[in-house]
Amino acid sequence: MNLLFLNPAGSSGGAERALLDVMASLAEARPGWRLKLIAAADGALVEEARAMGVGAAVIKFPRAVSQLGDAAAGGPAGDHSNPLAVAGRVAAAAPAIVGYARALRRAIVDCAPDVIHTNGFKMHVLGAWAAPRTTPLVWHLHDYVRARPMMSRLLKAHARRTAAIVANSHSVAGDARRLFGGRATVFAVHNAIDLERFSPAGPALDLDRLAGVPPLGEGGVRVGLIATLARWKGHRTFLRALAALPADSPVRGYVIGGALYETAGSQHALSDLRGYAGALGLNNRIGFTGFVADAPAAIRALDVVVHASTAPEPFGLAIAEAMACGKAVIASAAGGAVELFADGVEALGHPPGDAAELARTIARLAADRDLRARLGAAAAIAARRRFTRERLANELIPIYEGAAGETRARPAI
Ligand code: GLC
């Protein structure tokens, strides 16, 4: 099998980390398969793919294309840019899009894949335009399609072109089925994570030094949110929850992560979050580390990992990773995230966006070391059962094989 992956970003966000695990799990389970990656930007994804022996090429998105997105136009990131402005940017980018699709088509023809796996909205569409009609397409959905006003229309228009659609949770699969109806076959496949890297034992970072704050004294409890700065990841909810803790609370909060994607309007700036924390009077109770490459070492340095997404989380790699490191996790109980843990046993859920409830849960865990230990131990076991690369490969291989063997004529677009 000759499998070509197309990814719209080069850096390592959630969808890219998930893709690396897809490639790693296939390389392990099917060493005879040829895996290739084309990414639209340089970065950690490309480097790590190469390091695992996947042939990776970069065909850069022109700037006009990399900045396009409707995530902030009534999508999960809120209503910061107006849909008309987005439409205007799409129109202005049209020549660049056509040029890009042509370059992509040449690369696809050169590679002659049996199946193309696309890993992000822009590549789902570009893949459908650029791939020869006889090449089966598998879309891997990492986000809710119906939350994106323009993308949902575009994807619906091209859904019949897919041989299969993979969604990262049952929740995302359900959303896709409601949109695509009979146009496509959707499979829910949970992500895997690298359980060797994300394990309870191993080095831990000095978060205080990274954040430039004084060392936390004996008895202090470290509670961190690890996420990109996408607006819906709930940084403000987390900061408000920290501000609602009693003055004598032993908790210090950490915001771990930096800005990642180039899509206009969809992210906080770290400086805004610092300003917000300052206005809440949090200065002594919070540290901002910026982007951290060694996520497991950051997680190990925490006592409690908070996931605070204000919109339903499609999957929530950060939750799975923290569980695998044996941490007590507090997660927003909505979307695909609730499929990852037994609430109250393997992690504690809280209603998305509810800072008061989040504060109560943080305070409860901060005061109860045994509860933290119990949750962490149960989480580590659950993660080792649920998020293995072996399980991922076993679920994906029949999907690719089915796609490659598919003979039905593909409609023209
Ligand atoms: C996207 C989703 C996130 C998921 C990741 C990997 O980033 O928003 O929930 O964990 O993809 O599938």
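A residue is buried if its relative accessible area is under 20%, exposed if over 50% and partly exposed in between (1.4 Å probe, protein chains only). Helices (H or I, at least four residues) and strands (E, at least two) are DSSP runs numbered from the N terminus. The structure is a predicted model, in which local features need pLDDT of at least 70 and side-chain atom pairs count only at pLDDT 80 or more. Residues are numbered from 1 along each chain as its sequence is written, and side-chain values use heavy atoms, with hydrogens and water left out.

In H12, 7 of 8 residues are buried: Leu317, Ile319, Ala320, Glu321, Ala322, Met323 and Ala324. Contact means heavy atoms within 4.5 Å; the cover over these buried residues includes helix H1 (14–29), helix H11 (295–300), E13, strand E14 (328–332) and H14. Just after H12, Gly326 adopts a positive phi of about 75°.

## Aromatic rings

Rings of Phe, Tyr and Trp (its six-membered ring) pair if their centres lie within 6.5 Å; planes under 30 degrees apart count as stacked, over 60 as edge-to-face and the rest as tilted. The whole structure contains 4 aromatic pairs. One of them, Phe315 with Phe387, is edge-to-face, at 6.1 Å centre to centre and 80° between the planes. Phe315 lies in the loop between strand E13 (304–306) and helix H12 (317–324), and Phe387, 72 residues apart, in the loop between helix H14 (369–386) and helix H15 (389–404). Phe315 is buried at 2% relative accessibility, and Phe387 is buried at 1%.
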